[in-house]
Amino acid sequence: MNSLLHRLSDSVKGCITGFDRLVFKGVLRPIAFAAGVQTFLAIHGVLNKNYKDWMQSQSTALVQTVDEYAKETCGQGITWIPSSNIRKEALARKRQKETGISEGLIGVWACLESCNSFRAVFDSTAGYPRLIRNSTRCKHLYFYYDHPLYGFMSIRLQTWLPFNIQIAINGREWLRRALDAEDCSYLLHGNKFLSIDDYDLAQRLLDAQMDTQWKEVLNSFLPETFPTMTTTLGENLSYYWTVWQSEWATDFIFDSSASVTSVMDDLLRHAFSTGTGDRVLRYLGRPVRADGQPYASTNPEFISRLQSWYDGARIRHWVDNNSVKLYNEQNVIRAEATINQPCKFKVFRHKEGQPTDEPKQRLPLRKGIADLPLRAKVSNDVNKRFIDDLATFSSTTKVSEIFAELCAHVKDGQRVRGIEPTGKDHALLQAVADPAHGVSGITNKALQKVLVGTPWAKGKTGKALSARISRNLRLLRDHGIIRKMPNQHRYQLTNKGRELSTLLTSLMAASTQELLKIAV
């Protein structure tokens, strides 16, 4: 990221990085499965045949108690929503604007949504009903707050067993409240800061969010959102908290929107010239199809002007349900890493229950809140790799110097053949340069999917193709184009590799006339 700041230092006012959105999921693990629920009911003297009546009575009591709490706190009881497709956040924002609520509970909304629960089914073998897991629909409660510490946030509670709960906290809203407490002025648009008086202070406040005692913070919301928890479940059950989804955002705040436009133009040209143009989404505050194009019902004038007038552009790369994207809005360029499946990343940590004085091992990243600092580091690394690709657009290194480093040479007493970037090695270089690999790394398996059936593969498939790719990955490593990630069969582009891939992209997309003009 420093490389990009250095190249754009004249137009970038500041940079902040940290979690943008964190969605925590709370699960009562002892009653997450049917066997645990049967044990729980037996302890509380509830027969399986009476489970439905008991569950409905507990749900009714919960809803009534929350309704009274909402009336006392914000003056309005629970508001029913007829469809789960209606955006609850939009309703909360509208009410906040209408009522002028600046702090505390904004409101509570309820709607029927799909969920996993349980139902009693007669077991002819046993001679009595048994509980089984069941996909059904039940009432969910949505709480929206403008919290004095965490800003605008939401909580979603399932009103049937196993009472799953989701808490969504926005890191930029949290930062807004922290800047207010420090009496630091800023200009905010949505969840993006267009200007901050003290960027160093803002970054320190974002870094301080990592020191949060998450279990205590998340549990502190339960008395208000699940007031009947002790009555329904007793005092021995507690929630196990995981991170259901995280978004880590790096914001470059420019002096004007015009400065952003020139950078985004380079990015879009790169995306289309590398064959990743299908991942670019143009937007104008209007709904678009999955391919990024407007619906047929959209205003025809809007369609005709789409190519020349738009508020921003976005490019996004998906790998294993995780993604990295970069887009602009106003005078801000944001890189954002979204992690839904953390197990695809490996980190150094202790095994669960392992003594802390023993060496750490490289293990999959977990969903639990204990791994949140490691998740932050992984997310920041993903953003950094993606941003470093962008920084190569303004490289001043001569083409001749880059190509000179690809000649044959001797390494550790062994001869290493030269690379032919526009010849037989072009397809391989193009494959490893796909920005999507910046999410979780380059793998042999991923390259097989891209290269199988191409002239480069020479008709090889399966193990034969895998062996050919492995040999060529070794070649790229010897030339310093990629590096191996520690203790795993994954690779990443080096700075040299990123510069080479950008050069090849520009070179192959340019016409002879354009190259002659540059040479002159």
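Predicted model: local features only at pLDDT ≥ 70, side-chain atom pairs only at ≥ 80, totals over all residues.

Mentor: The protein comprises 520 residues, 50% of which count as buried, and its secondary structure consists of 19 helices and 19 strands. When contacts between residues at least 6 apart in sequence are considered, 65% of them join residues at least 24 apart. The accessible surface comes to about 26100 Å², and carbon and sulfur atoms account for 51% of that area.

Now to the loop itself. The peptide bond leading from L161 to P162 is cis, with omega near 10°. F163 is found in this loop as well. Although F163 is not a glycine, its phi is positive, at about 55°. Is F163 buried or exposed? Its relative accessible area is 1%, and F163 is therefore buried, since the cut-off for that class is under 20%.

The surroundings of L161 and F163 come next. Both L161 and F163 are listed with F24, I167, L233, Y239 and W241 as the residues with the most contacts inside the largest nonpolar core, which has 63 residues. Helix α3 (residues 51–74) gives the most to this core, with 9 residues. Leaving aside residues up to four places away in sequence, L161 touches I31, V37, Y51, W54, M55, N116, S117, F118 and L233. Apart from this core lies another, of 25 residues, which includes I442, L447, I469 and I481.

The largest pocket has a volume of about 1200 Å³. It is lined by 34 residues, and those closest to its centre are R21, R87, E89, F152 and N170. Both β5 and β6 are among the elements that give two or more residues to this lining, as are β1 (12–27), α4 (88–99), β4 (128–147), β9 (240–254), β12 (322–329) and β13 (332–339).

D183 is found in the loop between α5 (171–181) and β7 (186–189). D183 likewise has a positive phi, near 55°, in a residue other than glycine. Its relative accessibility, however, is 71%; because the cut-off for exposure is over 50%, D183 counts as exposed. A positive phi of about 55° thus occurs in F163, which is buried, and one near 55° in D183, which is exposed.

The pairing of β7 with β8 (residues 192–196) is antiparallel and extends over 4 bridges. Within it, L187 stands opposite S195 in β8.

The largest cavity holds about 120 Å³ of space. Of its 14 lining residues, R385, D389, H437, G438 and L493 are the closest to its centre. The elements that give two or more residues to that lining are α12 (372–391), α15 (437–440) and β19 (491–493).

Terms used:
Residues numbered from 1 in each chain as written. Heavy atoms only, no water. Buried < 20%, exposed > 50% of the residue type's maximum accessible area, 1.4 Å probe, protein only. Contact = heavy atoms within 4.5 Å. Areas by Shrake-Rupley, 256 points an atom, 1.4 Å probe, with all protein chains shown as cover. Pairing = 2+ DSSP bridges. Core = buried A, V, L, I, M, F, W, Y, C linked by side-chain atoms within 4.5 Å. 1 Å grid on protein atoms, 1.4 Å probe; cavity = no way out; pocket = protein on both sides within 12 Å on 5 of 7 lines; lining within 4 Å. Points joined across faces, edges and corners; volume = space filled by probe spheres on them.
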